[in-house]
Every structure is written in C-alpha cells, then in structure tokens.
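Please read it alongside the sequence and the model.

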Amino acid sequence: MSEETVSHESKQFENINYSGKTLRNREFYKCKFVQCNFTKSDLRGNSFENCTFQDCNFSMTELEGAGFRGISFVGCKILGIDFSLCNKLMFSFRFENCIMDYCTFYASRLKNTNFINCSLKEADFSEADLSAAVFINTDLTEAKFSNTTLEKADFRTAKNFVIDPEFNKLKRAKFSSLQLEGLLHKYQLDIQ
C-alpha cells in the first residue's frame, strides 16, 4: 500500500531541523524554507516547484529523483550534493551567496542558471549544459569542466577557473581579458 502524497502550497517553514530525517511523498509549491537544516536528510522523490531556500544547510543531503523547478537558493550551504541524480524533467535553479563546494552536476541541463557570489570549489560540471549560464563573482577553484557546453556562458567576473577550450564548447562565451590564464592554463604560459 503506497503512501498518499502530502501537498504544501505557499507555506513558510522556518528553523526546522530535518537533519538525518527522511521525507517522502511530499510536494511543495511556492513554499519558502528559512534557516532549515537538511544535513544528511533523505529528500529522494519529493517535488519542489517555485520554492525559495534561504540560509539553509544541505550538506550531504540525498536528492535522488527529487524534482526542483524554479528554485532559488540564497545564502545556503550545499556541500557534496549530487544534483545529477535529481529528476531531469524538473530541474531549474538560481543560486546566490551559496557555498556549493564538491557538488556534482554531471550531464545536468543548467541552461540560463545564475550562480551569483557562490563558491563552487571542486564542483563537477562534466558533460553538463551550461549554455547562457552566468557566474558572477563565483569561485570555481578546481571545478571540473570536461565536454561541457558553455556557449554564451558569462565568466567575466568568475574567479580561479581552468577551462580547456579544446575539450569544451565555448562559442560566444564571455570572458574578461584578465582571465586568459584560466583558458590557457595547460600551456603553462607566463601571462602578465
């Protein structure tokens, strides 16, 4: 016997500790989560649409099959999350002032995604589609770009990235002239 789906619409959840807990059969529409802790929680299979997560902790959260459409993460700690396991039919985000180190976006479709003032250290964007994505003041130290579509992406204020133009699609991507080192890193040039 399957559990009935519980729906939440236009609700605010504040200061709730979901750490280590399992949430199943939940749908959230136009909800706001403020200062909630999802550390090591299991959100597999749940659905979030047009929701905002503000100052929440998502360290090591299980998201396999979870749907996220029209989601804003603001000031969140999102460490070690494998977004490539999420529902691909419901997958659109905006990230602002988030720490997203060690996240995986392997083969994910992230067209037009905004990463504003984020830390994406050692994130994996291999085979992802980041067409027209914007990286404003975002730290990409040791982020992995391999066979990644970066056409029309904006890296003009991004920091510490290394992107090999030979193994990524960069047509009409935007870069600052001060960032040439990040594109020519493998040639070990002395750019001054």
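The side chains of Glu-96 and Arg-94 meet in a salt bridge, with 2.8 Å from N to O, where a salt bridge is a side-chain nitrogen of Lys or Arg within 4 Å of a carboxyl oxygen of Asp or Glu. This is a predicted model, in which local features need pLDDT of at least 70 and side-chain atom pairs count only at pLDDT 80 or more, while totals for chains, interfaces and linings use all residues. Residues are numbered from 1 along each chain as its sequence is written, and side-chain values use heavy atoms, with hydrogens and water left out.

**Salt bridges**

- Glu-96 counts as partly exposed at 21% relative accessibility, and Arg-94 is likewise partly exposed, with a relative accessible area of 28%; here buried means under 20% relative accessible area, exposed over 50%, and partly exposed in between, with a 1.4 Å probe and protein chains only.
- Salt bridges that share partners join Arg-24, Asp-42 and Arg-44 into one network.
- Glu-49 forms a salt bridge with Arg-69, for which the closest N and O atoms are 3.7 Å apart.
- Glu-49 lies in strand β5 (residues 47–49) and Arg-69 in strand β7, so the pair ties together parts that are 20 residues apart in sequence; helices (H or I, at least four residues) and strands (E, at least two) are DSSP runs, numbered from the N terminus.
- Both partners are partly exposed, Glu-49 with a relative accessible area of 24% and Arg-69 at 34% relative accessibility.
- By the rule given above, the count of salt bridges comes to six.

**Aromatic rings**

- A search of the whole structure finds 37 aromatic pairs, where rings of Phe, Tyr and Trp (its six-membered ring) pair if their centres lie within 6.5 Å, planes under 30 degrees apart counting as stacked, over 60 as edge-to-face and the rest as tilted.
- The rings of Phe-33 and Phe-38 have their centres 5.9 Å apart and their planes at 65°, so this pair is edge-to-face; Phe-33 and Phe-38 are both buried.
- Phe-95 and Phe-105 also form an edge-to-face pair, because their ring centres lie 6.5 Å apart and their planes stand at 75°.
- Phe-95 lies in strand β8 (residues 91–96) and Phe-105 in the loop between β8 and β9 (114–116), so the pair ties together parts that are 10 residues apart in sequence; Phe-95 and Phe-105 are both buried.
- The charged end of Lys-88 sits over the ring of Phe-91, 5.3 Å from its centre, a description that requires NZ of Lys or CZ of Arg to be within 6 Å of the ring centre and within 35 degrees of the ring normal.

**Backbone angles in the loop between β8 and β9**

- Most residues other than glycine have a negative phi.
- Tyr-102, which lies in the loop between β8 and β9, has a positive phi, near 70°, and is partly exposed, with a relative accessible area of 47%.
- Ala-107, found in the loop between β8 and β9, has a positive phi near 55° and counts as partly exposed at 39% relative accessibility.

- Ile-71 has its place in strand β7 (residues 67–74) and counts as buried, at 1% relative accessibility.
- Leaving aside neighbours within four places in sequence, Ile-71 is in contact, meaning heavy atoms within 4.5 Å, with Phe-48, Glu-49, Asn-50, Cys-51, Phe-53, Ser-92, Phe-93 and Arg-94.
- From C-alpha to C-alpha, Ile-71 and Phe-167 are 30 Å apart in space, and they are 96 residues apart in sequence.

**The chain as a whole**

- The protein chain has one helix and 10 strands, which follow the pattern β-β-β-β-β-β-β-β-β-β-α when read along the sequence.
- The C-alpha atoms of the protein chain fill a box of roughly 60 × 30 × 25 Å, taken along the principal axes.
- Of the 192 residues of the protein chain, 45% count as buried.
- Residues 24 or more positions apart account for 3% of the contacts in the protein chain with a separation of 6 or more.
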